[in-house]
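Q: Could you take me through how strands, their connections and their cover are read in a model like this one?

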Amino acid sequence: MSTDADGTTDADDASGDSDGSSGHCSTPDSDGEVAEEIAIISFERKLDTAAEIAEGIGDEYDAVDIAEYHGDVFAELWGEYDCFVGLMASGIAMRKTAPLLDDKWDDPAIVVVDEELTWAIPITGGHHGANQVAHDLSKLGAVPAMTTASEAAGKQGVESKAKALDTHVVNGDSTVATNLAVLNEELGPVARLDGPRAVLVGDDVTVLKRNADEGVVLGTGTVSGVDAEQVVDAWERALADLDLTVDDVDFVATGTRKEGEEGLYEAAEAIGAGVVLFEKETLERFEGPSPSRSKELIGWPGIAEASAIAGGRDHELAREKERFDDAVTVAVGR
């Protein structure tokens with residue numbers, strides 16, 4: 001992740017994968033970027049596979065229902081679900097849903113998957129839930145076939161950035177231009193502005209609005225190879241001192257040195273939070289009050305406190321850093 005001169009951030013997704021599909025936000029936004037209610041449409045002979053899918057991904061969503069296929073099933077259920085998983089040939093799903101499509105910000109996402117769970121193919125709404133669902137189907141062995149330009153190029157689209165920060169896109173039409181900028185590596189950091197303030201933007205500026213008014217930031221440093229359970233336990237213990245839980249977390253913040261630390265990303269996914277990575281220069285501007293050996297050894301300020309301060313709305317610490325199990329250091333920012 002990169003950050004600009006006044007401490008604003010570009011976000012990485014919770015799983016560390018380019019599609020940004022894990023770490024689902026607990027509050028779906030009005031623009032349909034997060035799939036929470038899924039209908040699996042299946043022919044009768046494939047209902048056992050549909051049940052396997054429902055069991056495999058059911059814990060990730062508010063609802064995963066199964067409906068037996070008939071000619072009008074998509075039309076009958078249209079508008080009731082965020083995403084359809086078609087356990088069928090892609091041509092059938094495309095022909096039956098094409099007449100129903102109206103606007104990508106309102107239409108449900110559609111993913112097709114074969115009976116052997118070999119492929120999971122988003123065919124509409126890739127950035128609005130389909131990529132996320134296809135990624136989750138990969139846990140059952142299906143290969144997610146992402147065709148959205150940014151994900152196909154191994155980059156994180158604007159909608160994925162929004163999800164990592166627990167925000168939603170206000171002006172959906174702008175994402176054509178901004179995702180092209182992502183593809184060309186021209187977007188730059190996501191700027192954070194706190195109000196009250198009036199902002200004038202053009203059509204090629206994507207505006208993200210936070211889903212929650214309150215929340216804290218978990219500034220986190222870890223040893224290499226840390227276990228996800230250790231990280232979650234450390235977060236819970238640090239939050240408990242403030243009478244908070246993981247439900248009160250906006251996102252997890254750390255330094256770019258920790259990009260790709262699997263245990264950290266798995267822990268963030270477990271609590272439904274995104275991960276924001278700060279550059280060294282930003283952490284130096286928001287250095288915390290506690291002494292840190294990392295500054296002496298490698299020239300970096302203490303990651304936990306600096307990232308908690310940098311990511312917090314008020315750039316303040318709610319809790320100074322503490323090291324847990326000699327593996328995880330946590331500070332809480334607000």
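Q: What handedness does the β-α-β unit of S4, helix H3 and S5 have?
A: A crossover is right-handed if, with the strands pointing away from the viewer, the path from the first strand over the helix to the second runs clockwise. Here S4 (residues 83–87), helix H3 (residues 90–97) and S5 make a right-handed unit; helices (H or I, at least four residues) and strands (E, at least two) are DSSP runs, numbered from the N terminus. This is a predicted model, in which local features need pLDDT of at least 70, side-chain atom pairs count only at pLDDT 80 or more, and totals for chains, interfaces and linings use all residues. Residues are numbered from 1 along each chain as its sequence is written, and side-chain values use heavy atoms, with hydrogens and water left out.

Q: Which strands pair with S5, and in which sense?
A: Two strands pair if DSSP finds at least two bridges between them. S4 runs parallel to S5, joined by four bridges, with Gly86 opposite Val112. On S6 (residues 119–124) the pairing is antiparallel, again over four bridges, and there Val112 stands opposite Ile121. Five residues separate S5 and S6 in their hairpin, where Leu117 in the turn has a positive phi of about 55°.

Q: Why is S5 largely enclosed by the rest of the structure?
A: In a regular strand the side chains alternate between the two faces of the sheet. Five of the five residues of S5 (residues 109–113) are buried, so the strand is largely enclosed; buried means under 20% relative accessible area (1.4 Å probe, protein chains only). Ala109, Val111 and Val113 cover one side, and Ile110 and Val112 the other, all of them buried.

Key:
Buried means under 20% relative accessible area, exposed over 50%, partly exposed in between (1.4 Å probe, protein chains only).
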